[in-house]
Amino acid sequence: MLNQVYAKSRCIIIKNIDFRDADKLVTVFSERDGKFRAIAKGVKKPNSSLRASVQPFANAFLFFSPSKELGLITQGRVLDFYGNIRDDINLSLNAIYIMELLDKSLLDNVPIPRLYNHTLEILALINEKEVEFNPLIIRYYEMNLLKELGYRPVLDYCIKCRVPNNSLVAISVSEGGAVCSNCIKQTTYNYKLSGESLAILKLLTNAPINTILRVKPSNTAKSQVELVLEKYLEYHLERKFKVKDTIKKLKEKLQVSN
Ligand SMILES: [Zn+2]
């Protein structure tokens, strides 16, 4: 809920759910006030001007006014609708997964404008039609989210004995970083990492996205990096991510039909 009497902000729509007869309860990630919920009145009526502005993963300029419980969305103007993403089931699921990450990781009313802008960059990148979708975009987003929330993994030395690079064999999700072959027995929630996977994880923490998109990882590295980030997010955010399972199932289906 916004503190200000009449407020306006650019907002990414995290989700909307049916609420009363013609209304929707909308969760937004606003540039100015972070995550909060507000009611879009009458939005289910066919002629509602708010309809497009409150679609999941749209970016919209929204106006709010206070009401007894939650704020009301009074007006909206779509800034980015990401039409190419909406035309493609795989891209849509990836965008919804990003919204799920935001929904489950952000605290209410804590603004993180840098993450807001980063999310827009990533959505724009997924929306680019000319370029084939690269799942490393999502890995990059996951790593940036971890960094923003203060869970950047230690990858330059063993988190236990501090021995650098060459002997690092896994990542301990509970310790928050890479572990060497000697220390792995003492740590829990370990996930195996090849040298290639470790290098990719490091790139995800500090390289620009254009550099990352030039990497051609092996299938082993792809799945190790994906698994590590998934376990990392689950452990530190104490949440399971449902959309991820749907993406996996869709991928399996597409592979079977090929
Ligand atoms: Zn060690």
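Student: Cys 180: buried or exposed?
Tutor: This is a predicted model, where local features need pLDDT of at least 70, side-chain atom pairs count only at pLDDT 80 or more, and totals for chains, interfaces and linings use all residues. Residues are numbered from 1 along each chain as its sequence is written, and side-chain values use heavy atoms, with hydrogens and water left out. Buried means under 20% relative accessible area, exposed over 50%, and partly exposed in between (1.4 Å probe, protein chains only). With a relative accessible area of 2%, Cys 180 is buried.

Student: Which arrangement do the 4 donor atoms make around the zinc ion?
Tutor: Donors are N, O and S atoms within 2.8 Å of the metal (3.2 Å for Na, K and Ca); water is not among the atoms, so sites may look incomplete. Here the protein donors are the SG atoms of Cys 158, Cys 161, Cys 180 and Cys 183, lying 2.3 Å from the zinc ion. Four donors count as tetrahedral if all angles lie between 85 and 135 degrees. The angles here are 103 to 116 degrees, so the arrangement is tetrahedral.

Student: How many residues apart in sequence are the parts that Cys 158 and Cys 180 tie together?
Tutor: Helices (H or I, at least four residues) and strands (E, at least two) are DSSP runs, numbered from the N terminus. The zinc donors follow the spacing C-x2-C-x18-C-x2-C along the chain. Cys 158 sits in the loop between α4 (136–148) and β6 (168–172) and Cys 180 in strand β7 (residues 177–180), so the parts this pair ties together are 22 residues apart.

Student: What is the relative accessible area of Phe 57?
Tutor: Phe 57 lies in the loop between β3 (34–40) and β4 (59–65). Phe 57 is buried, and its relative accessible area is 3%.

Notes. Four donors count as tetrahedral if all angles lie between 85 and 135 degrees; four count as square planar and six as octahedral if opposite donors are over 155 degrees apart and all others between 65 and 115; anything else is irregular.
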